[in-house]
Amino acid sequence: MFDTGGWGAAETPPVDDCIAGFLDVIALNRVNENLARAATVLAYCDVLEMRLEAAEAAGGDPGETVRGALCDLAVTMTGTRRDASVVHDVAERLHRMPLTALRFVTGSFDWSTVVTITSVLHRASDETIAKIEYEVCAAGGRMRPQALRNRIWRLWMKADPVGAAAARETAKSEEVGVRIDRTGPGGIASLIAKITDLEAAEADALITEIVGTVCKRDPRSTGTLRAAGLMALLHGEHSLACQCDRGDDCPVAGAVDDIPPRRGHLLQIVVAVETLLGLSSEPATLPDGTPIDPEVARIVATDAKWQALLTELVEMLKPEQRNTGDDGSNDDGPDSGPGDGGPDDGGPDDGGPDGGGPDDGGPDGGGPDDGGPDDGGPGDGGSDGGGPSRSGRGQSPRDCGPTFGDSDPDQTGSRSGDRSGLQSSSFGPFSTAAPSLLRRVVGMGRVRGAAQLPSVRLEGAHCLPPALPLPGEESVRDGLVARWLAWIAERPERARGIFPDGHGGESAPSRSAVTYRPGARVAAFVRAAYRTCTFPNCDVPAARCQIDHLVPFDHDDPARGGWTIVTNLQPVCVFHHQAKTSGAWSAVMLAGGAILWSNSLGLRRVTLPELSIATPRASRRRRRASSRPGASPIEPTRWELEYSGCTPPTLNDCRSATTDIDRKKLAEKRRAYLEHCCVVHARVRYDRARYDPPPF
């Protein structure tokens with residue numbers, strides 16, 4: 001009367017029933033994901049509506065309000081502006097598509113389907129949407145994005161051919177473009193070209209045609225051949241070199257004999273000198289941080305210009321110490337930043353990068369803006385552990401947060417410039433031996449010709465140790481950001497930054513510091529320190545960003561506003577630059593070059609630099625007063641006394657002088673004129689009312 005399995009024994013269900021149950025769970029989770037995404041869009045709609053109402057009541061600009069809302073959404077989602085823009089576009093367009101919105105909020109449509117429908121129909125008229133939306137929703141339940149897109153266009157062209165043609169012309173002028181997506185696996189990037197459907201078919205035919213120029217025994221796959229064909233077309237070539245092993249017996253042999261060699265690479269590559277010498281397998285990087293195989297970097301270096309970045313090692317974490325802030329009270333916050341000697345020494349006492357003049361190593365070698373490393377390949381140094389290092393110690397000008405500075409004298413472990421020392425540091429749950437985790441640029445060399453590398457083959461490069469082992473580097477950097485935010489949350493006034501006046505701790509500006517546009521060397525240092533836009537999660541490369549003054553530059557009185565020095569500059573893309581200018585977000589520099597972004601809602605994010613920016617010492621050298629007559633704004637200048645009424649000589653006049661004596665006279669005359677210009681500017685600052693034009 002009882003089962004043989006005993007009391008309470010349960011029969012194991014069939015495997016098919018178990019699988020069906022799990023598939024039901026997957027289907028339910030898909031619906032829940034769709035509902036969660038719909039809730040996100042609805043919440044953003046509420047945020048945007050409230051922001052627009054507040055802006056309208058205050059007489060604000062709706063465009064700036066939308067830009068601020070997009071920045072808030074991107075930071076909250078931990079995504080890029082492109083991700084936030086997709087959410088914003090869907091939220092804005094669904095108001096005209098009620099059936100699509102209903103299917104979305106009930107979980108029937110997934111995110112890709114909604115994005116496809118709204119991206120195609122947002123240029124259609126309300127009458128067209130009312131005609132075809134029912135059919136579109138019916139197709140959306142069974143079609144994937146590409147097929148659904150084509151079906152929507154067919155329905156639209158049948159219902160309103162004139163409107164569809166106008167929408168295509170508008171999209172051609174607004175959507176067409178090319179961008180690089182480096183989110184692929186294994187160092188593979190995607191070249192995304194937005195072109196018309198007809199142009200896409202033509203491009204596909206051209207690639208197929210050039211792929212057909214190799215024989216059938218070429219060992220490369222179809223995908224590899226198509227990629228090689230695209231690159232060949234970009235270089236203006238008409239055929240590919242076959243890689244079969246038949247030599248002259250290949251049916252297409254000699255097809256590439258008349259193709260000229262490709263021109264050199266126009267790239268900036270940052271690579272450690274140890275990697276170039278074959279002593280390390282440390283990867284090279286592009287300016288935006290994309291890693292490059294070290295052997296590829298060595299090949300490029302043999303036929304490229306290069307420029308050395310002189311760097312030194314600085315520590316990323318220091319134990320908490322009691323420090324005295326500006327207000328005279330003791331503060332338990334983290335210690336301050338590094339000493340001077342870096343690229344932000346642009347005061348009147350030196351001729352460093354901020355001064356626009358040459359460094360100790362020779363004339364201006366240029367930078368990314370003037371044909372420096374961009375003309376060729378690797379820089380001999382940089383963030384991956386570059387050229388000669390130089391040690392230097394500094395003092396804190398104020399209480400400025402977690403440090404990027406050198407170790408204290410009483411600490412054991414690594415010091416600036418020590419490549420092998422490790423120092424124990426503890427943070428939260430971590431207790432690890434943290435080496436000097438960050439490099440600081442202290443100088444820039446000249447642009448030189450192709451590097452002469454020793455004949456070292458890296459056949460076993462994967463077995464070589466890196467130049468500087470960095471155990472737990474990313475964990476330490478992530479913990480440091482949390483440490484910054486917690487340190488600022490204790491006392492919100494710390495969020496004003498280390499240099500609220502934008503003067504970098506200097507007492508007097510150099511000539512270039514009161515010039516609005518930064519010089520090439522200053523821009524090169526800024527872009528070397530930050531590989532991308534400093535706004536949180538923005539991935540626009542620094543080379544395509546604008547150089548922004550953290551403290552705004554005062555065009556009426558440059559000495560009073562923020563100066564054009566490294567400690568007051570950052571690379572910011574156009575979109576986030578406008579958001580900062582409108583006041584939706586603000587940015588300040590913390591110690592070591594960390595950038596704190598914040599808004600009125602209390603959102604705060606910290607962006608760490610790739611290369612530390614040095615904090616100047618509290619005590620600075622002073623430039624000796626000129627002994628020449630006319631140095632005082634009150635006394636007449638040498639130009640007024642000796643060369644009154646003369647035309648100032650130009651650089652071309654100095655170059656075209658026939659004798660050394662004439663050249664020296666012209667140089668002395670030009671020097672007197674430049675000193676005269678400085679005194680005139682000083683007179684304007686001291687007595688502006690005398691030189692201001694009448695208020696006509």
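This is a predicted model: local features need pLDDT of at least 70, side-chain atom pairs count only at pLDDT 80 or more; totals for chains, interfaces and linings use all residues.

Analyst: Side chains of opposite charge can pair when their charged atoms come close.

Start with a pair inside one helix. R93 forms a salt bridge with D89, and their closest N and O atoms are 3.9 Å apart. The cut-off is 4 Å. Both residues belong to helix α3, which spans residues 81–93. R93 and D89 are four residues apart there, so about one helical turn separates them. How exposed are the two partners? R93 has a relative accessible area of 18%. That makes R93 buried, because buried means under 20%. D89 has 24% and is partly exposed.

Next comes a pair that links separate elements. E174 forms a salt bridge with R123, with the closest N and O atoms 2.9 Å apart. E174 lies in helix α8 (residues 161–174). R123 sits in the loop between α5 (111–121) and α6 (126–140). The pair therefore ties together parts that are 51 residues apart in sequence. E174 is exposed, at 53% relative accessible area. R123 is partly exposed, at 25%.

K580 and D548 form a salt bridge, with 3.3 Å between the closest N and O atoms. K580 belongs to helix α15 (residues 574–581), and D548 to strand β13 (residues 546–549). Because of these positions, the pair ties together parts 32 residues apart in sequence. Both K580 and D548 are buried.

Some bridges share partners. Such bridges join R638, E642, E668 and R671 into one network.

Now back to α3, this time for its packing. Two packed helices are described by the angle between their axes and the distance between the axes. Helix α1 (residues 15–58) packs with α3 at an angle of about 80°, and the axes are 9 Å apart. The angle makes α1 roughly perpendicular to α3. Which residues make the contact? From α1 come R37, V41, Y44, C45 and L48. From α3 come V87, H88 and A91. By class, the residues of this contact divide into six nonpolar, one polar and one charged. R37 is the charged one, because Arg counts as charged.

Definitions and conventions: Residues are numbered from 1 along each chain as its sequence is written. Side-chain values use heavy atoms; hydrogens and water are left out. A salt bridge is a side-chain nitrogen of Lys or Arg within 4 Å of a carboxyl oxygen of Asp or Glu. Helices (H or I, at least four residues) and strands (E, at least two) are DSSP runs, numbered from the N terminus. Buried means under 20% relative accessible area, exposed over 50%, partly exposed in between (1.4 Å probe, protein chains only). Axes are lines fitted to C-alpha atoms, for helices over the stretch in contact, and angles run from 0 to 180 degrees between N-to-C directions. Angles under 35 degrees count as roughly parallel, over 145 as roughly antiparallel, 65 to 115 as roughly perpendicular and the rest as oblique. Contact means heavy atoms within 4.5 Å.
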